[in-house]
Amino acid sequence: MSNNNGNYVLQAEDMNVYYGSFRAVKNVNLNIAPRAITALIGPSGCGKSTVLRAFNRMNDLVPVARTEGAVTFHGRNIYEPNVDPVEVRRRIGMVFQKPNPFPKSIYDNVAWGAKLNGFKGHMDDLVEESLRGAALWDEVKDKLSQSGLSLSGGQQQRLCIARAIAVKPEVILMDEPASALDPIATLRIEELIQEIKQNYTIIIVTHNMQQAARASDFTAFFSVDDHRTGMLVEFGETNQIFTNPHNETTEQYITGRFG
Amino acid sequence: MARERYITQLNVLRDRVLKLGNLVEENVVRATESFVRRDLAVSAELIATDQTVNAECISINMAILQLIALQQPIATDMRFLAASLEIVDELERIHDYIKSIGKISTTLESSEIDALIGSLILQMGEKVRYMLHLSLDAYAKRDADLAYSVPAYDNDVDKLFEDANHRIIALIMADSTQATAANYVQWATHNLERSGDRAINICEWVVYLVTAEYREFDSEYEMPRP
């Protein structure tokens with residue numbers, strides 16, 4: 001299956017995700033632009049995290065989950081039978097809500113993924129480059145052998161971002177990456193996301209609408225129908241969504257009239 | 001509704017702008033009537049009222065800035081607050097014109113106003129009041145079509161302004177000792193003409209509020225060639 005017009009990295013095409021018999025999201029069509037930040041927003045239960053996880057087949061890890069339709073990555077459907085989900089997740093990385101460094105050294109946290117992928121280059125260089133990319137190098141360069149768990153919450157999340165970029169993905173999925181952080185650490189993560197979008201395509205799920213407004217280029221607003229099934233209501237440039245949403249439901253949600 | 005207190009604050013703010021607008025609307029007519037009828041007490045009162053209007057404008061603007069800082073409004077709410085800031089500024093400037101007419105009136109002391117000019121000024125005052133009324137109505141109802149209808153009335157104001165100017169020049173030519181007083185009267189008519197333009201500015205912000213697009217209306221007074 002290949003109908004990529006060449007401009008998008010990822011495309012959801014008539015995507016439906018089921019958990020058992022429950023349809024969690026329906027008929028999602030969404031195009032993700034390269035080297036840009038796309039925010040997924042919407043009330044709890046609208047399926048935005050489900051959509052995010054569908055972009056790198058993380059839902060496969062949920063036994064009852066089933067995805068219909070297609071998610072194409074550079075035009076190829078990642079749900080085709082001969083596609084290796086591990087390779088999909090290497091090229092489409094993920095950063096989670098709660099920082100989850102391994103109980104290993106800062107160095108090993110970053111090097112781990114690359115080692116697993118058979119990285120043959122100079123590991124010290126890769127670790128430094130990744131930590132610099134995550135704006136953490138200056139803070140940790142003298143204590144690389146200390147445990148990743150010794151860092152503050154904001155530093156741990158940047159370590160997770162360094163770990164994600166060490167395996168050279170094209171896309172980084174972020175599921176509320178700053179929701180467990182204090183406001184200053186949150187702003188640092190937002191700044192970091194702005195910096196790394198020069199090299200990566202980023203999709204971020206956030207409950208914080210101001211964060212979506214501040215930090216993203218495009219915004220997709222999801223809501224639920226009468227069956228509590230999530231659906232994409234409106235997608236557009238972030239500036240348009242937050243100044244002049246075209247859909248009444250979007251307007252009602254972002255201005256706090258519902259949700 | 002998730003943000004009831006915030007929605008109430010927005011509504012309270014709108015009502016404050018409308019209340020201020022009503023006062024300015026009334027004072028346009030009071031300014032022209034007191035000017036023509038030589039009621040210097042009312043003229044003096046209008047000059048004094050300007051301070052109250054200025055204070056209220058500042059107070060409303062501070063309330064808007066506070067809402068922006070504390071509630072992070074977006075979409076229509078953000079446009080409403082941005083438009084309200086501008087509209088309050090326009091109302092403040094219109095009341096400056098009202099004060100200026102009051103000052104001219106007191107400067108002229110007991111001089112009589114020519115009957116034709118007086119009639120034209122009263123008509124201008126009524127037209128401007130009506131334009132302002134429609135502008136504020138459009139703001140309250142968030143009605144872009146109504147806002148678009150207002151500039152047509154400005155042509156009437158401009159025509160009255162021109163007629164008044166012709167009469168003023170004729171009076172000066174007939175009796176040059178009247179030149180200073182006539183010049184003052186001309187300033188009063190100019191203030192009214194500018195007030196009409198300011199009402200149109202309000203409409204431009206109403207259109208922005210409703211459509212998210214700011215478009216300048218063509219309201220400039222074209223000076224006739226000598």
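**Start at the A/B interface**

Select chain A and chain B together: seven residue pairs, both members at pLDDT 80 or more, are in polar contact across their interface. Such a contact is a pair of N or O atoms within 3.5 Å; within protein, one must be able to donate a hydrogen and the other to accept it, and residues adjacent in sequence count only if both atoms are side-chain atoms. On the side of chain A that touches chain B, the elements giving two or more residues are α9 (238-243) and α10 (248-254) of chain A. That side divides into three nonpolar, five polar and two charged residues.

A note before moving on: this is a predicted model, with local features needing pLDDT of at least 70 and side-chain atom pairs 80 or more, while totals for chains, interfaces and linings use all residues. Numbering runs from 1 along each chain as its sequence is written, chains are lettered from A in the order written, and side-chain values use heavy atoms, with hydrogens and water left out.

Now pick A:Arg257 and B:Asp77, whose side chains meet in a salt bridge at 2.5 Å, N to O (a side-chain nitrogen of Lys or Arg within 4 Å of a carboxyl oxygen of Asp or Glu). The count between chain A and chain B is one.

**Then into chain A**

Go to A:Arg91 and A:Glu170, another salt bridge, at 3.0 Å, N to O. This pair links distant parts of the chain, 79 residues apart: A:Arg91 is in helix α2 (residues 85-91) of chain A, and A:Glu170 in the loop between α6 (153-166) and β7 (171-175) of chain A. Helices (H or I, at least four residues) and strands (E, at least two) are DSSP runs, numbered from the N terminus.

How values were computed. Nonpolar A, V, L, I, M, F, W, Y, C, P; charged D, E, K, R; others polar.
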